[in-house]
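Student: Please take me through one part of this model up close. I'd like the cut-offs along the way.

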Amino acid sequence: MIRKARREDFDFFYSIKCEDDNLYWCGYRERPVRENLLAFWNKYIPNDKESTPDAIDETCGDCLRGGMREIYIVEEENRAVGYLYIDYSEDAQAELSIGISNAESGNGYGTKAVKEAAAYLHTVKLSTTAYIREDNDKSQALFKRAGLVRTDEYREMMLPCGENQKVVKLYRWESEYRP
């Protein structure tokens with residue numbers, strides 16, 4: 001269901017990042033500049049396909065020390081349907097972010113992917129966290145179905161809204177597993 005992203009997945013990743021829903025929930029006004037997003041992609045996706053195992057159950061020693069991001073592609077029947085980030089911190093936690101294509105949304109792929117990632121993180125003794133916008137009912141339901149619970153902790157994020165700016169809260173969700 002989840003596999004490590006490869007260089008050739010960029011066009012799919014770019015297409016999701018340009019979808020209106022993804023732009024809205026991430027707080028962007030405009031579609032990303034392709035070259036800028038490609039530079040971001042190339043930072044996290046190794047050039048040598050052989051050096052990166054496909055499976056999520058391969059442990060990345062550097063990642064587990066913190067300060068590292070891994071990008072995965074969510075697949076269903078060998079067809080890309082979304083992406084997932086795992087951001088490792090130095091305090092035995094990993095933060096998940098997910099985006100499912102508008103065309104595939106509502107089919108349970110996001111829930112399956114988050115469950116798979118959380119199970120993997122549990123096996124390497126890391127707790128799973130996520131920060132979800134207070135008004136994103138769909139993502140909140142997804143993470144709840146995947147077994148995470150909302151806490152009272154939150155971050156604030158400034159969103160551009162036309163001529164005005166708006167502050168939204170991103171509530172912390174976490175797995176019940178804590179190392």
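Tutor: Let's start with strand β5, residues 127–133: seven of its seven residues are buried, so the rest of the structure largely encloses it. Buried here means under 20% relative accessible area, with a 1.4 Å probe and protein chains only. Strands (E, at least two residues) and helices (H or I, at least four) are DSSP runs, numbered from the N terminus.

Keep in mind that this is a predicted model, where local features need pLDDT of at least 70, side-chain atom pairs count only at pLDDT 80 or more, and totals for chains, interfaces and linings use all residues. Residues are numbered from 1 along each chain as its sequence is written, and side-chain values use heavy atoms, leaving out hydrogens and water.

What about its partner? Strand β4 (residues 93–100) runs parallel to β5, joined by three bridges; DSSP has to find at least two for strands to pair. Within that pairing, glutamine 93 stands opposite serine 127 of β5.

The charged end of arginine 155 sits over the ring of tyrosine 131, 3.6 Å from its centre (the cut-offs: NZ of Lys or CZ of Arg within 6 Å of the ring centre and within 35 degrees of the ring normal).

Key: Buried < 20%, exposed > 50% of the residue type's maximum accessible area, 1.4 Å probe, protein only.
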